[in-house]
There are 2 protein chains.
Amino acid sequence: MKSLTAALAILLLGFCAELQAAELRGTGDLGIVIERASGSLQVIDVTQRRALGRVQGLGDLSHASAVFSPDQRYAFVFGRDGGLTKVDLLTQSIVKRVVQAGNSIGGAISDDGRLVAVSNYEPGGVRVFDSDTLAPVADIPASYGAKGALSKTVGLVDAPGRRFVFTLYDAGEIWIADFSRGGDPVITKFEDVGALPYDALITGDGRHYIAGLFGEDGLARLDLWAAAPKVERLLDGYGRGEEKLPVYKMPHLEGWALAGKRFMLPAVGRHEILVVDADTFQEVGRVPVHGQPIFAVARPDGRQVWVNFAHPLNDTVQVIDVPSQKIVHEFKPGPTVLHLEFTPRGHEVWISVRDSDKVEVYDTRTFEKLAELPMAKPSGIFFAARAQRIGL
Amino acid sequence: MKSLTAALAILLLGFCAELQAAELRGTGDLGIVIERASGSLQVIDVTQRRALGRVQGLGDLSHASAVFSPDQRYAFVFGRDGGLTKVDLLTQSIVKRVVQAGNSIGGAISDDGRLVAVSNYEPGGVRVFDSDTLAPVADIPASYGAKGALSKTVGLVDAPGRRFVFTLYDAGEIWIADFSRGGDPVITKFEDVGALPYDALITGDGRHYIAGLFGEDGLARLDLWAAAPKVERLLDGYGRGEEKLPVYKMPHLEGWALAGKRFMLPAVGRHEILVVDADTFQEVGRVPVHGQPIFAVARPDGRQVWVNFAHPLNDTVQVIDVPSQKIVHEFKPGPTVLHLEFTPRGHEVWISVRDSDKVEVYDTRTFEKLAELPMAKPSGIFFAARAQRIGL
């Protein structure tokens, strides 16, 4: 009897320890930092500006990105190797991992949080999974042309109404997959959108889907609010007739900043930010910057846009004041600034500096450095508050 | 020895039970529903569409509202009786409650989540508290005129840069309290903004602060981005020269909907929604509606605006399609529709129907009713995702 009680006590102790290890806490201010070189990530507490723990075994995380469940407890991490990993931010552990394709790039989560979609290069297409179990829900091969070849897919985003929108790189097409009636999607295809659409974004209101073209000097836009949506071109020939610079790295279209009534758009290959009217989609100005811009991210209030740059000028960040379109601050966080992420109401910004193995936190008004967190070759920074935004 | 082990086991069992009662879970999709008549609230799981538990003892909750900590674990509930109550959504319990004034209305949380401010009628002014402990940080008496009388304060909101903005009802002034340098605020005052400013809002980008005037036919606007902000009038005389209707209830200004590039604004006393250009602040149209509008809330994508109405037409909700400015749906959830709250990406809306003692959940595209939750005389519905927005 005595040994039974003792055994019970030991059992309970262990159980309690396990429960306590996963501390009861809110998840609204959590996030992750991708550690590309080691296939790991660190879970961060944005308020406390500290790392909570490292999660390993996520495979090839070059060009990795992430989306979050509506309860902001789980991150879905999209790796380069086709890996889709569901990470529990509270326990800093992998809940489930599937290698769902041979080569993939990015993903999205449906507005109701039930479906996670992944954009694949090999085999070309989009695969959709149940966000709870990662069980397959739908397979959408991106077949095109008479012979049904499979295209690489890029620019996959969520749109309101349980829809995903993505682009076929090889085919030059944009597809909408509508899951509003269940797991068997209705597909709408838009052909001949332009040559080699290499990336895309959806505006924060879920209205406009815009694809950048690698093979042409312009972009393709789809107005999802139109009764009969059709693809229109914008910024046709925005670089034409000028001396072309070598392109070190294509800018991320997801880095488009909507600031007030204007988009601030990194120009491909040029040391410029294009200013585009958000109503007419006409170019209304250019802001000269330090190098080839990679990300141009608006502070959530839209008053400032922060810009980082391609190699070899990637040690620098510039801050543009939107109303005056002037650069009001420039600083060098260190070698290889890869990504920046604002707190949801914009009072701080987190910046990953890969080659100094740290993430730095800045006050966005005083520009004062508030903290440094050691990280192993950090790249993307993703805050769980993205769960509450369309298209992120 | 045996009894010691047994006692230990019992102790541990109790401890474990307590830990388990507060289940490890995310907080991104939590929310609260105010039960006005009983001074209680229910914590809700928005994803599962269910109530997690009731919290009692919050005092007089008529006209109550709430803000949330950045980690989305805590709600700060502002009652009518001066009560400020910090509620733990995870354990559904009161962490701390202070009765900080005799009569108050609404509050706000600073962009860094550290300060909670309350707008008081009696004594007139704003009091600011540490969000962690609810310890007093600052007291801002709203004294005005030669004799230093205290004005009721209304329309208190957060603005970027650790600022609060509020309006002095009796004085006709707007004040900015800037806490960026610490707990001792720098106050900026704008006098003569118009007669009896009764409520106010700040736009979602934190740029424009707009106060409604009870004593005049128009509104007052302050552009916080201006180098030298000054008060300008808008919609002057929008009801002048027409037959005046009795005003059953003043509309909530926080219900202003920014849909695309237009505000949809409930007209005071008229069966109309005013359409106002978001750049010029000029009226560009009116949408006739069922009754005197109270809230006109934009679905987060801005495609639709949902409207409820004052007594005696408060059993009805109308849905306006923004591009066409047409009413595309009308239905009667039941007697006394008091409030509506959208999920952050807009796929569902929660509606409180006070006199049928329930909250109803609708699909915003099919308009299908998805769930009903029993609640005791529900009024305001507040989702924790508000933590991640400016001015909510």
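This is a predicted model: local features need pLDDT of at least 70, side-chain atom pairs count only at pLDDT 80 or more; totals for chains, interfaces and linings use all residues.
**Figure 1. A:Lys86 lies over the face of the ring of A:Tyr74.** The distance from A:Lys86 to the ring centre of A:Tyr74 is 4.5 Å. A charge is taken to sit over a ring if NZ of Lys or CZ of Arg is within 6 Å of the ring centre and within 35 degrees of the ring normal. Residues are numbered from 1 along each chain as its sequence is written, and chains are lettered from A and ligands numbered from 1 in the order in which they are written. Chain A averages a pLDDT (the predictor's confidence in each residue, from 0 to 100) of 91, and 90% of its residues score at least 70. For the complex, the predictor gives an ipTM of 0.92 and a pTM of 0.93.

**Figure 2. Four strands of chain A form an open sheet in the order β3-β2-β1-β34.** Strands (E, at least two residues) are DSSP runs, numbered from the N terminus. The pairing in this sheet is antiparallel; two strands pair if DSSP finds at least two bridges between them. At the edges of the sheet are β3 (50-55) and β34 (378-383) of chain A, each of which pairs on one side only. Neighbouring strands are turned by 25° against each other on average, direction ignored; the axes are lines fitted to C-alpha atoms, and angles run from 0 to 180 degrees between N-to-C directions. Strand β1 (residues 30-35) and strand β2 (residues 40-45) of chain A pair over 6 bridges in the antiparallel sense. Within β2(A), A:Val43 is the bridge partner of A:Ile32.

**Figure 3. A further open sheet of chain A has the strand order β18-β19-β20-β21.** Its 4 strands are paired in the antiparallel sense. The edge strands, each pairing on one side only, are β18 (197-202) and β21 (231-234) of chain A. On average, neighbouring strands of this sheet are turned by 25° against each other, direction ignored. Strand β20 (residues 219-223) of chain A and β21(A) share 4 bridges in an antiparallel pairing. In β21(A), A:Ala220 has A:Arg233 as its bridge partner.

**Figure 4. Aromatic pairs occur in chain B, among them the stacked pair of B:Phe263 and B:Phe281.** Over all chains, the structure holds 18 aromatic pairs. Rings of Phe, Tyr and Trp (its six-membered ring) pair if their centres lie within 6.5 Å; planes under 30 degrees apart count as stacked, over 60 as edge-to-face and the rest as tilted. B:Phe263 and B:Phe281 are 5.8 Å apart centre to centre, with 25° between the planes. The pair links distant parts of the chain, 18 residues apart: B:Phe263 is in strand β23 (residues 262-266) of chain B, and B:Phe281 is in the loop between β24 (272-277) and β25 (283-288) of chain B. B:Phe263 has 5% relative accessibility and therefore counts as buried, a term for under 20% relative accessible area, with exposed meaning over 50% and partly exposed in between (1.4 Å probe, protein chains only). B:Phe281, at 4%, is also buried.

B:Trp350 and B:Phe383 form an edge-to-face pair, 5.6 Å centre to centre with 90° between the planes. Because B:Trp350 lies in strand β31 (residues 348-353) and B:Phe383 in strand β34 (residues 378-383) of chain B, the pair ties together parts that are 33 residues apart in sequence. Both B:Trp350 and B:Phe383 are buried.

**Figure 5. B:Thr153 is buried in strand β14 of chain B.** Its relative accessibility is 0%. All 7 of the 7 residues of strand β14 (residues 153-159) of chain B are buried, so the strand is largely enclosed by the rest of the structure. The side chain of B:Thr153 reaches the backbone oxygen of B:Asn120 at 3.0 Å and that of B:Gly125 at 2.9 Å. A polar contact is a pair of N or O atoms within 3.5 Å; within protein, one must be able to donate a hydrogen and the other to accept it, and residues adjacent in sequence count only if both atoms are side-chain atoms. β14(B) pairs with strand β15 (residues 163-168) of chain B over 5 bridges in the antiparallel sense, and B:Leu168 is the bridge partner of B:Thr153.

Methods
Side-chain values use heavy atoms; hydrogens and water are left out.
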